[in-house]
Amino acid sequence: MFRLMISQAKKHPSLIPLFVFIGAGGTGAALYLMRLAVFNPDVCWDKKNNPEPWNKLGPNDQYKFVAVSTDYSKLKKDRPDY
């Protein structure tokens, strides 16, 4: 399949930007999914040592990708300990 893409790019050079942008989009999507799988507190990979990782988050831990108007350093704890 990769050889077919190379041969088509040699025959039609206008396809090169299409291949670049599709490759960049696929790479970005894969990296974002990897970030969600590794750093999201809702995902639990190790159930023996840390069965509920979302309970160990502090009130000032930022786990969202983008925080538009929330300053996480000024938040106070408003939930009980379990």
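This short report walks through the fold, the surface and a few residues of helix 2.

## About the model

The model is predicted, so local features need pLDDT of at least 70 and side-chain atom pairs count only at pLDDT 80 or more, while totals for chains, interfaces and linings use all residues. Residues are numbered from 1 along each chain as its sequence is written, and side-chain values use heavy atoms, with hydrogens and water left out.

## The chain as a whole

Let's start with the overall picture. The protein chain has two helices and zero strands; both kinds of element are DSSP runs numbered from the N terminus, with helices being H or I of at least four residues and strands E of at least two.

Of its 82 residues, 5% count as buried. Here buried means under 20% relative accessible area, exposed means over 50%, and partly exposed lies in between (1.4 Å probe, protein chains only). The protein chain exposes about 7,500 Å², and carbon and sulfur atoms supply 62% of that area. These areas come from the Shrake-Rupley method with a 1.4 Å probe, and for residues only the protein chains shown count as cover.

Contacts (heavy atoms within 4.5 Å) can also be sorted by sequence separation. Among those between residues at least 6 apart in sequence, 9% join residues at least 24 apart.

Ile16 sits in helix 2 and is partly exposed, with a relative accessible area of 41%. Its C-alpha is 9.2 Å from that of Met5, a residue 11 places away in sequence.

Phe19 also belongs to helix 2, and at 26% relative accessibility Phe19 counts as partly exposed. Leaving aside residues up to four places away in sequence, Phe19 touches Met5 and Ala9.

Phe39 lies in helix 2, which covers residues 16-39. Phe39 is exposed, with a relative accessible area of 63%.

Together with Leu31, Met34 and Val38, Phe39 makes a nonpolar surface patch of about 450 Å². Patches are made of residues with over 30% relative accessible area and no salt bridge, joining like charges within 9 Å and nonpolar side chains (Val, Leu, Ile, Met, Phe, Trp, Tyr) within 5 Å. A salt bridge is a side-chain nitrogen of Lys or Arg within 4 Å of a carboxyl oxygen of Asp or Glu.
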